[in-house]
Amino acid sequence: MNYSQSFRGILNAIWYVVLFLLVQTLVSVLGMVVWALFQGKGHDTSFADLQQSLLANSTFVIIIQVVSSLLVIAIFAWCKYTPFKRSYLASHPWATLFWVVVMTFGVIIPSIWLQERLDVDMSEAMENLLMRMMGHPLGYLAIGIMAPLAEEVVFRGAILRVLLRTFGDRWHWVAIVISALIFGAVHGNMPQFINASLIGLLLGWMYYRTGSIIPGIVYHWVNNSIAFVMFNLMPGMEDAKLVDIFKGSQTHVYLALFFSACIFLPALYQLSMRLRKIL
């Protein structure tokens with residue numbers, strides 16, 4: 001192993017994380033300045049009051065999130081931190097992407113069940129903000145479209161790519177686990193950390209097998225879309241447990257987990273056979 005190249009690779013991965021967070025922070029700060037001017041807030045307004053006022057406006061928060069995602073994608077593309085190639089799509093991987101979608105459906109209920117077993121709660125402020133965004137007509141643009149694109153560009157296309165080069169094929173799972181933990185950590189709260197880290201393992205595995213962010217984008221898009229649709233189809237069920245959704249029957253919960261496994265495992269098998277790198 002070339003330790004000089006490995007050190008540079010790790011530094012590059014750290015830089016990509018810092019850059020991602022820096023762009024989000026700068027866009028948020030700029031958004032707060034614009035918000036202060038729009039609201040006619042004076043210099044005597046405290047930062048906390050200004051932030052609280054901004055977070056109360058879901059539309060403006062969504063605009064900030066969309067702009068941040070667009071800027072991240074543009075920077076990583078322009079700096080060539082994430083290579084964009086048409087070779088994977090040119091291979092017509094439609095059957096593979098179909099199984100990616102199927103696998104996503106098989107993960108939803110087990111993911112919720114695991115979070116319930118770990119008994120971790122999101123902060124009230126974060127939960128309220130997320131709910132308002134999910135219930136907003138423009139929320140899907142930020143949550144269902146831009147977030148999957150930007151996060152796959154950064155965490156698989158840039159961070160995992162450089163970590164895989166750093167650790168090599170023999171230690172590829174080390175790179176996948178590290179990138180998954182980073183992916184979970186940047187979400188900033190324990191429930192999303194656990195969920196995003198586990199999903200990050202699947203996304204990382206798919207990237208390792210294909211060298212493309214396309215399968216990850218599809219998985220990420222379907223996962224976020226399901227969450228968005230269910231939130232809006234089942235109002236008032238935000239804090240409900242799985243047992244509540246299944247009308248108080250724990251047996252139905254276990255059956256749902258069983259049927260989820262019947263979806264997930266065949267899809268995982270199909271993907272293990274179909275996912276391959278396109279040169």
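Let's start with a rule for angles: under 35 degrees counts as roughly parallel, over 145 as roughly antiparallel, 65 to 115 as roughly perpendicular, and the rest as oblique. The model here is predicted, so local features need pLDDT of at least 70, side-chain atom pairs count only at pLDDT 80 or more, and totals for chains, interfaces and linings use all residues. Residues are numbered from 1 along each chain as its sequence is written, and side-chain values use heavy atoms, leaving out hydrogens and water.

Now, two helices. Helices here are DSSP runs (H or I, at least four residues), numbered from the N terminus. Take α7, residues 139-167, and α10, residues 214-233. Their axes come within 9 Å and cross at roughly 150 degrees. Those axes are lines fitted to C-alpha atoms over the stretch in contact, with angles from 0 to 180 degrees between N-to-C directions. So α7 and α10 are roughly antiparallel.

Who meets whom? Contact means heavy atoms within 4.5 Å. On the α7 side, Tyr140, Ile143 and Arg156 are among the residues involved. On the α10 side, they include His220, Trp221 and Phe228.

Next, Ser58, in helix α3, residues 58-78. Is Ser58 buried or exposed? Ser58 counts as buried, because its relative accessibility is 10%. The cut-offs: buried is under 20% relative accessible area, exposed over 50%, partly exposed in between, with a 1.4 Å probe and protein chains only. Beyond neighbours within four places in sequence, Ser58 touches Arg132 and His136.

Last, Cys262, in helix α12, residues 250-274. At 40% relative accessibility, Cys262 is partly exposed. Cys262 and Met103 sit 159 residues apart in sequence, and 10.0 Å apart in space, C-alpha to C-alpha.
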